[in-house]
Structures are given as structure tokens and as C-alpha cells.
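User: I would like to understand how the two chains of this model meet, taking the questions one at a time.

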Protein chains: 2
Amino acid sequence: MTARSDLEVILVGDELLAGIHGDTHLEYLGRAFRRVGVRVARAHIIGDSVDDIASLVGQRRGETRALVVTGGLGPTADDITREGVARALGLALEFHEPSWTSIQDFYSRRGKQATDNNRRQAYFPTGAAVLPNELGTAPGFVVESGGTTVFVLPGPPEEIRAMVEADVIARVRKLFGCTPLRVETFRTVGVGESKLISLVGDNLGALTAYTVSSLPSTTGVDIVLTQAAGVTDRSLLDAEADEIERVLKKTIGSHFYERGERSLTEVLGDLLARRGETVAVAESLTGGWIGKQLTDVSGSSRYFLADVVSYSNESKIDYLGVKHETIDRHGAVSEETCTEMAQGIRCRTGATYGLATTGIAGPTGATPNKPVGLTYIGLSWEGGCVVKRVEYSGTRDGVRRRASDGVLWLLLDRLTDS
Amino acid sequence: MTARSDLEVILVGDELLAGIHGDTHLEYLGRAFRRVGVRVARAHIIGDSVDDIASLVGQRRGETRALVVTGGLGPTADDITREGVARALGLALEFHEPSWTSIQDFYSRRGKQATDNNRRQAYFPTGAAVLPNELGTAPGFVVESGGTTVFVLPGPPEEIRAMVEADVIARVRKLFGCTPLRVETFRTVGVGESKLISLVGDNLGALTAYTVSSLPSTTGVDIVLTQAAGVTDRSLLDAEADEIERVLKKTIGSHFYERGERSLTEVLGDLLARRGETVAVAESLTGGWIGKQLTDVSGSSRYFLADVVSYSNESKIDYLGVKHETIDRHGAVSEETCTEMAQGIRCRTGATYGLATTGIAGPTGATPNKPVGLTYIGLSWEGGCVVKRVEYSGTRDGVRRRASDGVLWLLLDRLTDS
């Protein structure tokens, strides 16, 4: 099932199988390798067991060109990846003095002392090259065996990323000697996947230079085109991608927000910065999520002024200038309150645009007239305001996410329209 | 490597391997099955290829008692899981009229129409039981073959969860006939993993009734004890878990915040609600993340009043009452500004506690005296205030996460101390 020209990933950690937390490495690694034209063909998730690691690495050795193993290099007794990999490849573990010195330096720079546990982290299989770790105590290593190059990386996300950028990518590129595959990502928000496919499925099906995936992203649905095997005609690749862009613009308008890899808040940030405009937010049910997403973007202080999470009625009145009577008469979850929230935050901060959300995220809080999921999203600007009533389905998290996407799309629509 | 008594998971999706987005199913499934005493022994991630699915399912059939396959049941051409599973098990696909009716109903209830693509979703392998899907168009199914029960579930997180709760858990429980394994989770915040192990590693090493993992969680580090194979003595299980709780309380005090599964914001919420107290937040570098986490908890409106994300200096002054001179003299990232932010949000909202963060998340924004990562976190209450200066290392995301954890811990420490 895997060609020798592929790369496989092994994620090690009981916690990944026990549901203690989710994996984030594969997303990062898949993207990093794709960028240099190498496809992750398969991934495996196994527990912290020397036997399981040794057996799986032994089985994949010789079957794949490269194997990237992450996790289990820590200082504690359940960190047994180095032992498992060494056993699989029939290699001894050797103490590496310079790494032990680096680990001790790492602690002393922070005014701390390495513990005896950390000594384990300075052992490597015979013949391995050590991959230095600037951000943590566990160095990685790389070793070749039976035609497979095995990379072993630590678990913490920041350490793995630094090590991949500094060292692993260059080695993988050299190993595969390949040129990057062309990948075209078209990002949409506010149109369901079935609807999207019924609108543009025929056009996607007619492509010959790409394989097509449609997939839910953090915001909305992405359509991803990947250069098909054997296709090298650049003008065909250009023409087909341009055609999809044209079709998306025509069929879904501003719901298509990006050809590329930028997130919705990055696109919004670029538009605002370019226009010299600013935004402020008044959130109720979304609880800070919109502000969080807008400020995920470095440099967002150029256009993001403030966000008021007004959960209580008092804070809607005090901070946003929503009128007491409005809440009394229509309730906190109403078109009228949403309108005053959006206008209030805009006027009080002097922002070009005011965004607002108010609704019932659930599972508690519904009333006979106001079901869980009922949400108002609003956008205010000088001289105008638009407020939409929506009933979102799903969990608390889902309702909050859709409300957040919805109001960000209102802003996008305005920015691309005017 | 896998016993017949285990359960394995297969996640299907090109997007998971290409780094388009991360997987969230395994975390949920691992936890759901662990709760009924069934261990996920291994997980596999493969692309949207009929051949790959058929080959892997064929290989695992007969090797594991249960196999849970998720994703690839959608209406589009790249959704080929049903075909792959049917081929692996040597079964034909049959059209199931009642499912097609349900899919059409699903659309018509929403004022929409099923497309022809959706018909694909009403085909199932011969002999399969259909698992209804209340939240989406793709029903799941379950089929037994060669001693392995294969569950096939749709991809969207909300649909998978509903289907697992409504149907799959009961079937898995019946299949394995087991009693839940005892799992004890001890959650900590603000102490690094190496430090934690150097403090309590000897106590953890002395346990005989449990296997031990220490692992990074969304907030801080968890220590997870899982009932060891063959141990049935309940009083020993009690005694050893109680001893670890005692040791953690003694060595790290309020940095140990939960024996159980509650998140830090759930623990804080329970403490605040029980005391009849309230909290309000003034965020700068964390951009809304603290509010988002506090409002992740259903019912948080009982104790969460408001959150002001004051990115601009003007909003710090207007909304929080930070003095112009304070910012001019000490800067927005300073102990003095943080103090006035924490006090300002508390006084203006009438909350019992005011939390504040201000700092430089990076990668841009550093000055010669104020490096990336420099952060002030503060807590104000009637009659007192505490502000801490911290230098967090890592990425923008990491700095923001640590600042958020740090200030929530300040509140926890106060609530458990007084």
C-alpha cells in the first residue's frame, strides 16, 4: 500500500489513544512535507510501549523511504521511543557527552539544574546523527537502516517545529530530491459541503491536471487541488486552477474568500490594513472567540481595536450603550439588542466596523420562544447596519463556531463588496 | 502487537495526511471507549483511496475484535470508505430505501432538497446494520466479518459523537462485556513536566496498582493512573490514588487543581458559583482567549460578567480607566498598566475578581527593553491586587496560552487559599 518513495509518520503516546488530548503533529508535518513535494502516505498512532514501537518500526523498515517518529523522548520512564527504535534496528544505545552538556546548559541558562532523569535523553542509537533541540531538553536523531531513513523527534509542538525547520526538511528534500507538488487551496465560508459540491462538482469533475478534495476546515469548507501524477504542463495547471477560481467567484461570490493558505482572519486583516480601516467586536455567546481569532494574526493591533465580551445585561448597557428598555422589551437575544451592540462598540471605540453576536449557545438557556442555537449576528458601519437572525444546530461548541464564522463573513462580504 | 480483545481506529482522509487540518476524532473516541473500559490499542490514518482502505481493513480483519472507521461517507466522489470496506470484506453494496427517505427528509426539514450525490449515502454492505444519523446526511453502519466487528462512522465531529453516544457505545460494551477500567487523572497547571516528575516521580514509581503516564494537557500537565492488568483489589486502588493526591497537594499546592476530568475553567466556575462570586477579565495579548475558555463552560453566565479585550491604548483608557500618564510613563506592557487594568475591569463591572493580561505575544512588537514573551498577569479583588512579571518562551500561540493559563492560576490560587 505504500511505495518506497513515500514517507510515513508514527505518533507515539498513550495519551493520544486514551483520548487525553488530540494530536497536532500530523497536521503540521503533513503541511511541512507537502510544501517540499513529499506526501505523507500513512500515519500510525501507537502507545508508549517498547514492544509496540519496536514491532511497528521493524515492520515499516524497508517498506517506506522515510519514517518520522514523534514523541516519547522525554525524561520519564514512560518515554521509551529511543529504546524501541534502537531495538527495531538492532542497534545499541550510546551515551553522547555533547548532548548531555547541552541539556545541562539548557537548564542552567534558566537558573535550574538538570535532573538525573534527563541523562536518559543523551543516549542515541549507534551511528545516529543528533538533531539539536534549542527549545527543550530532548535532542532528536536520524539514522538510516535497510533503505529507510528514520527520523526521531521529541513530542512538544514547538520543539518539533523548530527541529523540522532547522534540519529535517533539508534532509527530507535531499533524500527525495523532488520538486514541490503544486497544491491549490480554495477556501470558502458559509456554504455547506453538499451544497458547494452540487454547485461546482461538475467543474471539479472535469479537471484533468489535479486530484480534488473537498474538506471541512477550521472555517468553512476548503477545496484542495493537488497536481496529479505525471502532469507537468504548467499552462494546463494554471488554466485549470484559474477556471475553478472563476467558477467559485461566479457561483458563491464572497463566500469564496481565499485562493491560498491564509485563514479568514488573515484575509480580513489584510483587507482592513490595506484600507486603513479598523474593527471592534461586541460578543455575547461567542465569549471572546472572535477576538481570539482576529488576534491570532501577528500585527493585528494595526486594525483590531477592542472586543467587549458582554455576557451580563449590565455589561451590555454599561460598555456598549445598549438601552435598558431594549433588553427589557426584546430580550438580550434579539435583533434590536444585536443592532445596538454592533453600533455601540463601533461608536465607543471609533472603529470603522462594529461586529456583534448574541444568542443561545446551549445546552442550557433556551426559552419557549428562543431555542438553543438562535443567534443574531450584526455588522455596523457609519451609515448602515446589517443584522441576521440564524438558527444554528449542533453542540455548544458548534453553535459558537458557526456564529463566529457567520459574523466574520458579514465583515468580509462588506469589505469585498464596497 | 494487538490482542484480539482490543479495538483499533482507522481515520480516513487525505486532508489529515496533507496537513489541511488536524484530527479530533481519536481524542473523542479514545475517551469514550476508555470510559467503558475498552482500550484503543492502535490507530491508523490513511488517505481517501479505495485501495488503501480495502487493504488496511482486510489486513486488520481477524486481528482485532473491533475496528472503528471514520470519515469518507460524504456525498462526493472522494468519499469512498463504504466501497473500500465492502471490498475488504467481500460484500456487495445494497441500496437501502429507508435511509434514502431519511436523507431526503433531512433536507426537506431544512427547506432544501437532497441532490443526486446524496443517493450514494444510502448504500450499505450486505448484512450491515444501519446506524441512523440525526445530525447529518450520512448514516453509519456496522458489520461483522471474520471475528471482527467493523463500525463505519461519518466524518463530522458532531455526527460521530451523536452516533457513538446513541448506538456505538452500547454495542461495544456488549461486544467486550467488560467493566470499566479505573482511570485516575490528576491535573496540574504552572509546573513543567520535568520539575513535576522530579518532585513526585518516586511516589509514582512506587505504585503497584496502576500504570502511570504524565502528559501535557490543554492546560498544564496531567498525571494519569490507569488500573494495571490483573489488579482487582479496590482498597489498594483507593489507597494508592489517595496517596498521590496527598503528595501532590503537599508538594505543589494549588498548582494541583483537579482529581478528575474537569478543565481548569470548569473547576474555577464551580468554585465561583459555590461562593456566589463573579469574575471579569481585561485582556491584551491573550486577545479573548481567557473569555473564550471561561465561556466554554455551559452556565458560565452565573459568574462570568464581561471581558474587555483592550488591544489599543485608547480602549485601555476608555473601557478600563487606565490612566493616560500610566501608559505614557510605563508603557502598555508594564506592571502599572496591568494593575490598573485588573482593578479597572473589576470596579467597572462590580465583579468580585478582575483578571488582566498585557504583554508581547510576538513575533513582532518587541523593543530593546521589552522582549517577545514579556508578560504581566494580574488579579484584583476588593482590598488587594497581585501582579506577576513573567517571560514566556515559545511561539505566539505558546506565549498566549501560557499567559492565559498563568492568570487563571492566579485566580485559582486565590479561590483555594481564601
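Analyst: Before we start, contact here means heavy atoms within 4.5 Å, and please keep in mind that this is a predicted model.

User: Why do the copies meet through the same surface?

Analyst: In this predicted model, 85 residues of chain A are in contact with 85 residues of chain B. The copies meet through the same surface because the interface residues of chain A are also interface residues in chain B, and the share for which this holds is 100%.

User: How many salt bridges does the rule find across the interface of chain A and chain B?

Analyst: The rule asks for a side-chain nitrogen of Lys or Arg within 4 Å of a carboxyl oxygen of Asp or Glu. A:Glu158 and B:Arg402 form a salt bridge, since their closest N and O atoms are 3.5 Å apart. Across the interface of chain A and chain B, the number of salt bridges found is five.

User: Which residue is the bridge partner of A:Ala43 in β2(B)?

Analyst: Strand β2 (residues 40–46) of chain A and strand β2 (residues 40–46) of chain B run antiparallel and are joined by three bridges. In β2(B), A:Ala43 has as its bridge partner B:Ile45.

Definitions and conventions:
Residues numbered from 1 in each chain as written. Chains lettered and ligands numbered in written order. Predicted model: local features only at pLDDT ≥ 70, side-chain atom pairs only at ≥ 80, totals over all residues. Heavy atoms only, no water. Pairing = 2+ DSSP bridges. Helix = DSSP H or I, 4+ residues; strand = E, 2+ residues; numbered from the N terminus.
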